[in-house]
Amino acid sequence: MTMRIVLINLERATERRTRMAEEFARVGLDYEIWPAKDARTLTDEDRAFVDHAARERLGLYPIPDGSLACTLSERSAMHDLVKNGPESMAVFEDDARFETGLPAVLQALERQTNEFDIVKLQRRNLRRPFIPTISLPTGHRLGRVRFSDFGSEGYVITREAARLLLERIPRMVRDLDHELSYFWENGLNVLYLDPPVVREGAEYSSQIHDTRSTERVMHRRERLRQPTILTRRIKALVSNDIRRRIAFRRLLRSDRAEALARPG
């Protein structure tokens with residue numbers, strides 16, 4: 001398998017690195033460690049990467065340092081993929097847990113990179129309707145989730161998709177897991193795997209920045225108490241929901257047309 005397999009990990013997170021080494025060994029996968037950006041050492045240049053004006057227009061709370069660090073870490077891996085190849089890369093966060101079928105799924109996806117831009121290997125909300133589009137020889141299916149599902153514990157991205165994503169989103173507006181999932185904005189063909197072969201190790205919180213969730217809640221409460229911000233937030237949410245529903249219906253029509261055109 002020539003697909004690149006990358007683990008995003010903080011240098012100081014040695015316990016997680018050891019645990020993930022065991023996880024990869026258990027399923028028999030080779031991988032490389034991609035050094036994560038440490039939220040404790042962010043620079044002014046790092047913080048300038050956030051498009052604060054765009055976030056203000058959308059009524060979004062300030063980006064926690066941990067979210068910025070996560071996004072910078074994964075984008076740097078994408079930059080390297082675009083520059084050095086190969087044609088696809090599987091990215092895993094260091095709180096991921098694997099099902100035994102993961103290696104076979106990655107091999108199958110490597111042979112079908114013309115069918116997708118991004119494949120999410122995990123789904124956080126399994127109650128959301130899943131609409132299958134492609135069957136894999138492993139018994140898994142690729143498809144759409146109505147209307148999307150967040151999380152970036154494990155995903156596969158093609159080299160061209162990484163190039164387009166970096167080009168179309170030159171600065172950070174949202175967390176990377178949202179940017180990956182917002183197909184109606186990034187214009188990419190984002191599919192999900194059923195059943196998932198990656199899950200979040202919920203027993204372990206992110207170490208890229210230990211207080212990320214706390215900061216996020218604090219900022220949200222603070223800004224939603226401001227009427228102007230709340231109004232912007234509501235308008236953005238309504239507009240976003242309308243656009244994703246329209247885009248989702250178009251995708252389903254396109255999927256049906258492609259299914260009818262396939263031989264057999």
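Predicted model: local features only at pLDDT ≥ 70, side-chain atom pairs only at ≥ 80, totals over all residues.
With a relative accessibility of 29%, Lys 37 counts as partly exposed. Its salt-bridge partner is Asp 46, and the closest N and O atoms of the two are 3.4 Å apart. Asp 46 itself is buried, with a relative accessible area of 11%. That value falls under the 20% cut-off for a buried residue.

Next comes Arg 47, which pairs with Asp 65 in a salt bridge of 3.0 Å, N to O. Arg 47 belongs to helix 2 (residues 44-47) and Asp 65 to helix 4, so this pair ties together parts that are 18 residues apart in sequence. Arg 47 is partly exposed, its relative accessible area being 32%.

Asp 241 and Arg 245 form a salt bridge whose closest N and O atoms are 2.9 Å apart. The two residues are 4 positions apart in helix 10, which means that about one helical turn separates them. Asp 241 is partly exposed at 23% relative accessible area, and Arg 245 is partly exposed too, at 32%.

| Salt bridge | N to O distance |
|---|---|
| Lys 37 and Asp 46 | 3.4 Å |
| Arg 47 and Asp 65 | 3.0 Å |
| Asp 241 and Arg 245 | 2.9 Å |

How many salt bridges does a search of the whole structure find? The search finds 20. Salt bridges can also join into a network, as they do for Arg 4, Glu 32 and Asp 80.

**The whole protein**

Let us step back for a wider view. The protein has 10 helices and 10 strands. Of its 264 residues, 51% count as buried. The protein exposes about 13100 Å², and carbon and sulfur atoms supply 50% of that area. Among contacts with a separation of 6 or more, 81% are between residues 24 or more positions apart.

**Along helix 10**

One patch is nonpolar: Leu 230, Ile 234, Val 238, Ile 242 and Ile 246 form it, with about 410 Å² of accessible area together. Ile 234, one of these residues, lies in helix 10 and is partly exposed, with a relative accessible area of 47%.

Another patch carries positive charge, and it gathers Arg 146, Arg 249, Arg 250, Arg 253 and Arg 256 on the surface. At 48% relative accessibility, Arg 253 counts as partly exposed.

**Buried places**

Now for residues with more cover. In helix 6 (residues 159-168), the buried residues include Ala 161, Ala 162, Leu 164, Leu 165 and Leu 166. Which elements cover the buried residues of helix 6? They include helix 4, strand 8 (154-158), helix 7 and helix 8 (183-186).

Helix 7 (residues 176-181) holds Ser 181. Is Ser 181 buried or exposed? Ser 181 counts as buried, because its relative accessibility is 0%. Leaving aside neighbours within four places in sequence, Ser 181 is in contact with Lys 120, Ser 148, Asp 149, Phe 150 and Tyr 192.

Glu 23, in helix 1 (residues 14-27), is another residue to look for. Glu 23 counts as buried, with a relative accessibility of 10%. Not counting residues up to four places away in sequence, Glu 23 touches Ala 96, Arg 97 and Phe 98. Glu 23 and Ala 96 are 73 residues apart along the chain, and their C-alpha atoms are separated by 8.7 Å.

**A proline in a loop**

Our last stop is Pro 62, found in the loop between helix 3 (52-57) and helix 4 (65-84). Pro 62 is partly exposed, with a relative accessible area of 32%. What distance separates the C-alpha atoms of Pro 62 and His 52, 10 residues apart along the chain? The separation is 7.8 Å.

Notes
Residues numbered from 1 in each chain as written. Heavy atoms only, no water. Patch = residues over 30% accessible without salt bridge, like charges linked within 9 Å, V, L, I, M, F, W, Y side chains within 5 Å. Areas by Shrake-Rupley, 256 points an atom, 1.4 Å probe, with all protein chains shown as cover. Salt bridge = Lys/Arg side-chain N within 4 Å of Asp/Glu carboxyl O. Lys, Arg positive; Asp, Glu negative; His and termini not counted. Charge placed at Lys NZ, Arg CZ, Asp CG, Glu CD. Buried < 20%, exposed > 50% of the residue type's maximum accessible area, 1.4 Å probe, protein only. Contact = heavy atoms within 4.5 Å.
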